[in-house]
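User: Hey, can you walk me through this one? I'd like to go over some side chains and contacts.

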Amino acid sequence: QVLLVESGGGLVQAGGSLRLSCVASGRTFSDAAMGWFRQAPGKEREFVAGIDRSGGTFYIDSVKGRFTISRDNAKKTVSLQMNLLKPDDSAVYYCGKTRRVAFFASMAYLSSENSYESWGQGTQVTVSS
């Protein structure tokens, strides 16, 4: 069983930045894709960004140009750099690890919750206006 632990959330003013990190335990990390999802109160959890084994990155339109996902296989860490934050970005952010996958993944695969076998506990991001 892989354990994922997120950190880096907090309260920030609109226009500010936060960096989320997710550290994985267990032997497998480099053979999986990773993703960040978020859930705001009263809304369903939504895909935000994903990174496949090749380092290919995928984003929803609303965060393109503002968020950057990256991974460090040696440290078993995936990060989400969030710049120019908006109040609409406020949510609990979750990182997820997929099952073992091919080297290249698709947006369709990474954006589906069903692709993920492990989730972190979530970290709160609040952006004030």
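Predicted model: local features only at pLDDT ≥ 70, side-chain atom pairs only at ≥ 80, totals over all residues.

User: OK. Which residues does Arg 71 touch, leaving out those up to four places away in sequence?

Analyst: The list is Phe 29, Ser 30, Ala 32, Ala 33, Met 34, Ile 51, Asp 52, Arg 53, Thr 77 and Val 78. Arg 71 itself lies in strand β7, residues 67–72. Strands here are DSSP runs of E with at least two residues, numbered from the N terminus.

User: What polar atoms does the Arg 71 side chain meet, then?

Analyst: A polar atom of its side chain lies 3.0 Å from the backbone oxygen of Phe 29. There's also a polar contact of 2.9 Å between the side chains of Arg 71 and Asn 73. Polar contact means a pair of N or O atoms within 3.5 Å; within protein, one must be able to donate a hydrogen and the other to accept it, and residues adjacent in sequence count only if both atoms are side-chain atoms.

User: How many salt bridges are there in the whole structure?

Analyst: The search finds six. One of the pairs is Asp 89 with Arg 38, where the closest N and O atoms are 3.0 Å apart. That pair links distant parts of the chain, with Asp 89 in the loop between β8 and β9, Arg 38 in strand β4, and 51 residues separating them.

User: Are those two buried or exposed?

Analyst: Both come out buried: Asp 89 has a relative accessible area of 2%, and Arg 38 has 6%. Asp 89 also forms a salt bridge with Arg 66, at 2.8 Å between the closest N and O atoms. Arg 66 sits in the loop between β6 (57–59) and β7, so this pair ties together parts that are 23 residues apart in sequence. Arg 66 is buried as well.

User: Where do Lys 97 and Glu 117 lie?

Analyst: Their side chains meet in a salt bridge, 3.0 Å from N to O. Lys 97 is in strand β9 and Glu 117 in strand β10, so the pair ties together parts 20 residues apart in sequence. Lys 97 is buried at 1% relative accessibility, whereas Glu 117 is partly exposed at 40%. Back to shared partners: Arg 38, Glu 46, Arg 66 and Asp 89 are joined by salt bridges into one network.

User: Switching to rings. How many aromatic pairs are there?

Analyst: Rings of Phe, Tyr and Trp (its six-membered ring) pair if their centres lie within 6.5 Å; planes under 30 degrees apart are stacked, over 60 edge-to-face, and the rest tilted. By this rule there are five aromatic pairs. Phe 37 and Tyr 116 make an edge-to-face one, 5.2 Å centre to centre with 85 degrees between the planes. Phe 37 is in strand β4 (residues 32–39) and Tyr 116 in strand β10 (residues 116–119), 79 residues apart. Phe 37 is buried, at 1% relative accessibility.

User: What other ring does Phe 37 pair with?

Analyst: Trp 119, again edge-to-face, at 5.0 Å and 80 degrees. Ring pairs link Phe 37, Phe 47, Tyr 116 and Trp 119 into a cluster.

User: Last one: what's the phi of Lys 76?

Analyst: It's positive, about 55 degrees, although Lys 76 is not a glycine. Most residues other than glycine have a negative phi. Lys 76 is in the loop between β7 and β8 (77–82).

Key: Residues numbered from 1 in each chain as written. Heavy atoms only, no water. Helix = DSSP H or I, 4+ residues; strand = E, 2+ residues; numbered from the N terminus. Contact = heavy atoms within 4.5 Å. Buried < 20%, exposed > 50% of the residue type's maximum accessible area, 1.4 Å probe, protein only. Salt bridge = Lys/Arg side-chain N within 4 Å of Asp/Glu carboxyl O.
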